[in-house]
Amino acid sequence: MDSLKRGAILERAMKLIEMAMELAKRGDMDLSREYVNLALQYASKARVKIPLRYKRTFCRKCHTPLIPGITERRRIRSKILIRVCLTCGWIRRYDTRNPTRLKGSKIGRSRHKDREDGINRRS
Ligand SMILES: [Zn+2]
């Protein structure tokens, strides 16, 4: 697949996520989840990565768009942002002191050993 087509698919996927957010705000949860699922399917078929800022707008587990106060609870405790999906109970912690750590769950590729301390150590 050429890169031009991939770009178009990625654009479509991002659009779908935006639409899913709108739907979720209006309370149409089932449809909004479907839109997110569709976006993920597009991205995986084209082997493109959905940008982080889009990825963070929905729950990784149940794919519900996360809207604070509606489908998501946000809390900051000692500089750690805690996001809870109210649909499935998925919890994610973000270290607000170090934005580079916001990079989701995959840290396997990190070249620097010192990245592995801190927020990634749960429990
Ligand atoms: Zn969820």
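Reader: What is the relative accessible area of Cys-85?
Author: Numbering starts from 1 along each chain as its sequence is written, and side-chain values use heavy atoms, leaving out hydrogens and water. Buried means under 20% relative accessible area, exposed over 50%, partly exposed in between (1.4 Å probe, protein chains only). Cys-85 counts as buried because its relative accessible area is 1%.

Reader: Is Cys-88 buried or partly exposed?
Author: Its relative accessible area is 31%. So Cys-88 is partly exposed.

Reader: Which residues coordinate the zinc ion?
Author: Donors are N, O and S atoms within 2.8 Å of the metal (3.2 Å for Na, K and Ca); water is not among the atoms, so sites may look incomplete. Here the donors are SG atoms at 2.3 Å. They belong to Cys-59, Cys-62, Cys-85 and Cys-88.

Reader: What is the geometry of the zinc site?
Author: Four donors count as tetrahedral if all angles lie between 85 and 135 degrees. The angles among the four donor atoms run from 106 to 113°. The site is therefore tetrahedral.

Reader: What is the largest C-alpha distance among the UniProt "binding site" residues?
Author: The unreviewed UniProt entry places that feature at Cys-59, Cys-62, Cys-85 and Cys-88; positions follow the numbering used here, and annotations may be inferred rather than shown by experiment. These residues are spread over 30 residues of sequence but cluster in space, with a largest C-alpha distance of 8.7 Å.

Reader: Which residues does Cys-62 touch, not counting those up to four places away in sequence?
Author: Contact means heavy atoms within 4.5 Å. Cys-62 meets that cut-off with Arg-33, Cys-85, Thr-87 and Cys-88.

Reader: Over which residues is the pLDDT below 50?
Author: The protein averages 84, and 78% of the residues score at least 70. Where pLDDT is low, the predicted coordinates should not be read in detail. The stretch below 50 covers residues 105-123.

Terms used. This is a predicted model: local features need pLDDT of at least 70, side-chain atom pairs count only at pLDDT 80 or more; totals for chains, interfaces and linings use all residues. Four donors count as tetrahedral if all angles lie between 85 and 135 degrees; four count as square planar and six as octahedral if opposite donors are over 155 degrees apart and all others between 65 and 115; anything else is irregular. pLDDT is the predictor's confidence in each residue, from 0 to 100.
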